[in-house]
Amino acid sequence: MDIYMRKLALSDEILLSVEKPARYIGGEINMAVKNLADVDIRFCMCFPDVYEIGMSHLGIQIIYDMLNLRDDIYCERVYSPWTDLDKILRDKNIPLFALESQQPVKDFDFLGITLQYEMCYTNILQVLDLSGITLDAADRKEGEPFVIGGGPCAYNPEPIADFFDMFYIGEGETVYYELMDRYKEWKASGKGRKEFLKIAAKLPGIYVPQFYQPVYNKDGTLAEFKPLVPEAPAKVVKQVECSLSETYYPEKPLVPYIKVTQDRVVLEIQRGCIRGCRFCQAGMLYRPIRPRSLSFLKQRAKEMLKSTGHEEITLSSLSSSDYKDLKELVYWLIDEFKDQGINISLPSLRIDEFALDVMSKVQDVRKSSLTFAPEAGTQRLRNVINKGLTEDDILNGAMEAFKGGWNRVKLYFMLGLPGETYNDIEGIAVLSDQIARQYYTIPKEERNGRVNIVTSTSIFVPKPFTPFQWSPMDTKEQARQKRDFLLSKVREQLNAKSIKYNCHDADVSELEGVFARGDRKLCNVIRQAYESGCIYDAWTEYFQPDKWEQAFKDNNADMEFYLRRERAEDELFPWDFIDIGVTKKFLLDEYHNSQAETVTPNCRRQCSGCGAAKFQCGVCVENRDATVPLDLGN
Amino acid sequence: MKARIKFTKAGSMRFIGHLDVMRYFQKAMRRAEINVSYSQGFSPHQLMSFTSPLGIGLSSDAEYLDITLEETDTPQVMADRINAVMNDEIRVKGFTYLKDSAKPSMAALVACDYIIAVKPGKSSPLEEAAFTKEKACKFMLQDKIEVLKKTKKSEKLIDIKQGIYNMAGSLKDFEEIASGKFTENGGLCLDKECKTVLCCRLASGSVTNIKPGLVLEEFCRFAGVPYDETVYQVHRLEMYAETGGGFVPMIEYDAVQL
């Protein structure tokens with residue numbers, strides 16, 4: 001029997017000496033297999049973190065599927081090698097390779113890197129370095145892959161701009177095919193690298209950092225962001241896929257051999273959000289909200305479960321309770337799949353009758369948790385951040401759930417929100433306790449043991465393209481003081497024994513804060529941090545704050561500059577050259593509204609003219625009266 | 001209805017651990033739309049159990065799992081349905097239904113056959129066939145074969161001779177003395193460029209379990225050959241249960257025709 005033995009890049013010895021060798025062998029069920037001789041473009045998609053994290057990311061699966069649909073493109077994948085293999089690759093001079101063909105990444109036409117969070121930036125350099133790709137895009141030679149970045153952090157790509165040939169701003173479904181076509185033409189023309197960059201710069205949504213010059217004021221703020229060539233537009237407009245029910249979405253997702261974080265079918269039910277919570281970057285970036293049709297989702301759900309054999313399916317969106325057909329979709333999933341032993345993993349839902357009903361149908365109420373994300377401890381502060389959840393919503397919802405048998409509650413809050421006072425922080429402890437008190441009003445015979453409340457706080461990080469982008473961020477010391485204060489308040493509560501409090505790491509949040517609103521001067525800091533050994537910064541056990549501190553110092557970069565300033569209202573931001581639809585004016589108005597503690601209604605209640613209507617799709621055009629002109633927020 | 005599946009594990013699949021192989025089969029059954037029986041409760045799981053975990057790095061022509069099914073198509077059709085949703089390197093080679101009274105294969109296991117081969121690109125003095133044949137004979141003629149067994153707390157000297165039933169230097173010789181037929185059914189899924197140097201049948205299962213790596217290391221020491229585990233590929237050839245008449249391949253044990 002002559003079986004097809006895949007030729008692996010790594011020897012048996014190396015594979016047997018590292019943790020989880022399955023990370024590096026590819027060959028997963030539904031992996032794309034193509035003949036290299038038959039394709040014109042080789043594209044390598046990268047998630048700059050370890051395999052288990054990268055394989056859980058839906059975005060890569062969508063692009064992978066979309067590109068492989070074309071016969072002339074072969075899209076493969078690469079993930080950050082874990083620290084043990086990283087060392088071996090360097091010692092033995094083995095170039096980083098893609099999983100499908102097991103061939104070096106440097107032989108590809110494109111290396112696409114998805115940027116999901118700021119703490120993976122050093123891993124980007126690790127991937128480039130191990131692949132043998134020149135770190136600085138401006139120095140790359142003919143024949144090196146074009147490095148393209150995308151994802152949420154691409155909305156402020158400046159801290160890593162030096163390392164990328166281009167960024168794709170926005171949703172990947174729209175312009176990739178055109179980019180690939182232009183690439184083929186360029187490749188056939190035999191012209192130089194810069195030529196292709198100019199061609200790409202002309203495409204909507206594509207940003208080529210080399211064609212822009214940031215000019216700084218004496219105080220370090222941005223004075224100007226100059227396009228250097230006519231092909232580079234002054235504003236890059238984000239890409240929006242307007243027809244989510246008629247676009248690419250995988251039917252046969254990859255099935256990893258090892259357990260990955262998201263080991264289930266993921267159904268993205270809609271994109272965007274109507275709520276306008278002022279701290280939330282995704283809510284602003286992905287406006288306007290656009291649902292996928294019920295029939296599309298049902299068809300995909302069936303296909304994906306059949307082609308993978310996964311035992312669980314989950315729904316993904318920013319605010320699933322706002323999906324109009326949610327009830328029908330969830331009941332359909334239960335009816336169709338529950339009997340086949342397929343678990344339906346519910347996203348975070350607003351707690352109402354429907355939610356409690358489905359939750360009891362798919363989860364063991366004794367083991368699962370009720371989740372609330374009030375984010376702030378008092379109504380006042382919730383109004384400041386425009387998070388509409390009221391105390392009554394929470395207490396009533398919790399009560400209904402307790403009567404239904406639940407006794408575990410998870411609460412999510414943030415510390416360091418703009419305008420926060422110690423009274424608000426105490427409110428977190430008080431609210432947690434009030435929920436416990438609610439529980440104990442149920443007669444003992446009807447209760448299911450003790451109540452378990454887990455209260456978690458993360459540290460607020462101001463993000464670009466939010467109303468809080470002008471806001472200063474708390475210092476590490478302030479964060480620690482607040483955390484200690486909250487802990488003491490929790491301990492003072494009547495039901496302190498029923499409340500467990502968890503807090504996020506202050507060090508990591510600081511760095512995230514710097515890069516989120518960073519500028520191009522930070523590229524040198526990141527390069528030095530990487531060269532001094534920083535990697536896997538998103539992993540607490542690998543994060544080395546001292547080396548980062550040194551990198552800042554040596555490059556005359558001051559973290560305080562990026563974190564603590566309240567920005568002037570007319571300050572030019574490094575990301576202002578990107579047009580996301582939502583206008584800066586709207587964001588500033590919302591910042592003022594937050595200071596006045598006034599609430600802005602959601603998109604379906606009333607249009608606030610944020611500017612997303614320029615894309616003329618989704619909620620902006622839902623049920624609209626065509627005689628009334630769209631409010632483009634000008 | 002209880003059933004037993006025999007499958008291969010080769011190539012890049014050598015690097016998938018046992019628990020992951022289990023998950024792989026669970027998903028494969030769903031992809032094949034085979035009606036598997038589930039346990040009760042909120043997180044129902046498939047009623048599936050494996051005979052003996054195979055260490056990472058080893059390959060095999062004979063891995064086994066037992067499964068309880070709600071449907072009963074013919075064995076060939078069942079095997080085809082599963083193979084249709086698998087990759088090349090894990091394949092179903094045998095499928096049989098079991099008697100209702102069948103013991104779990106884990107409990108029935110008494111012995112395993114292994115091939116030890118030299119990996120492509122590597123070399124070993126054991127490749128010298130006459131040398132190895134002679135050493136194998138002498139090895140088996142010893143009164144005792146004592147090895148140092150290290151546990152977390154202590155080190156003990158253990159005699160493994162009783163657990164080594166047969167040993168030969170080539171597959172052909174092994175087939176004769178161990179009365180097995182291994183090269184039927186399309187040959188082995190061992191890389192053709194591997195050079196077989198040793199074959200052995202070892203006690204396996206819950207009572208006595210002798211690991212092939214341990215035997216190889218001891219054999220090398222006996223033969224005066226330096227032991228380098230990176231040189232050798234260990235390949236499981238078959239698993240056996242015991243009946244009154246001797247060893248029976250797992251696929252035949254407790255088997256029933258529908």
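Me: Why is A:Glu492 called exposed?

Reply: A:Glu492 has a relative accessible area of 54%. Exposed means over 50%, buried under 20% and partly exposed in between (1.4 Å probe, protein chains only). The value of 54% is over 50%, so A:Glu492 is exposed. Keep in mind that this is a predicted model: local features need pLDDT of at least 70, side-chain atom pairs count only at pLDDT 80 or more, and totals for chains, interfaces and linings use all residues. Residues are numbered from 1 along each chain as its sequence is written, chains are lettered from A and ligands numbered from 1 in the order in which they are written, and side-chain values use heavy atoms, leaving out hydrogens and water.

Me: What makes A:Lys489 and A:Glu492 a salt bridge?

Reply: Their side chains meet with N and O 3.2 Å apart. A salt bridge needs a side-chain nitrogen of Lys or Arg within 4 Å of a carboxyl oxygen of Asp or Glu. The pair meets that limit, so the name applies. The two residues are three places apart in helix α15 of chain A, about one helical turn. A:Lys489 counts as buried, at 14% relative accessibility. Helices here are DSSP runs (H or I, at least four residues), strands likewise (E, at least two), numbered from the N terminus.

Me: Why do residues three or four places apart in a helix point the same way?

Reply: An α-helix has 3.6 residues a turn, so such residues point the same way. A:Asp433 and A:Arg437 lie four residues apart in helix α14 (residues 422–440) of chain A. They form a salt bridge too, at 2.6 Å from N to O.

Me: Buried or exposed: how do you know for A:Asp433?

Reply: A:Asp433 has a relative accessible area of 2%, so it is buried.

Me: What parts of the chain does the pair A:Lys463 and A:Glu118 link?

Reply: The closest N and O atoms of A:Lys463 and A:Glu118 are 3.2 Å apart, in a salt bridge. The pair links distant parts of the chain, 345 residues apart. A:Lys463 is in the loop between β17 (452–459) and α15 (476–492) of chain A, and A:Glu118 is in the loop between β3 (110–114) and α5 (121–131). Both ends are buried: A:Lys463 at 13%, A:Glu118 at 7%.

Me: How many salt bridges are there over all chains?

Reply: The search of the whole structure finds 74. Some are linked in a network of A:Glu171, A:Glu173, A:Glu268, A:Arg271, A:Arg290 and A:Arg292.

Me: Which residues of helix α2 of chain B are buried, and why are they said to be on the same side?

Reply: In α2 (residues 75–83) they are B:Met78, B:Ala79, B:Ile82 and B:Asn83. They cover an arc of only 130° around the axis, which puts them on the same side of α2(B). The arc is taken from the directions from the helix axis to the C-beta atoms. These buried residues pack against β1 (2–9), α1 (18–31) and β4 (92–98) of chain B.

Me: What is A:Ala137 in contact with?

Reply: Neighbours within four places in sequence aside, A:Ala137 is in contact (heavy atoms within 4.5 Å) with A:Asp162, A:Phe163, A:Phe164, A:Asp165 and A:Gln210. A:Ala137 is found in the loop between α5 and β4 (146–150) of chain A. Its relative accessible area is 3%, so it is buried. A:Ala137 and A:Asp165 are 28 residues apart in sequence, yet 5.4 Å apart in space, C-alpha to C-alpha.

Me: Where is B:Leu19, and what makes it count as exposed?

Reply: B:Leu19 is in helix α1 of chain B. Its relative accessibility is 60%, so it counts as exposed.

Me: How many residues does the largest nonpolar core have?

Reply: It has 178. A nonpolar core joins buried Ala, Val, Leu, Ile, Met, Phe, Trp, Tyr and Cys residues through side-chain atoms within 4.5 Å. Residues with the most contacts inside this core include A:Leu179, A:Trp548 and B:Phe25. A:Leu179 touches A:Ile148 and A:Phe196, among others. Another core, of 63 residues, lies apart, with A:Ala301 and A:Val451 among them.
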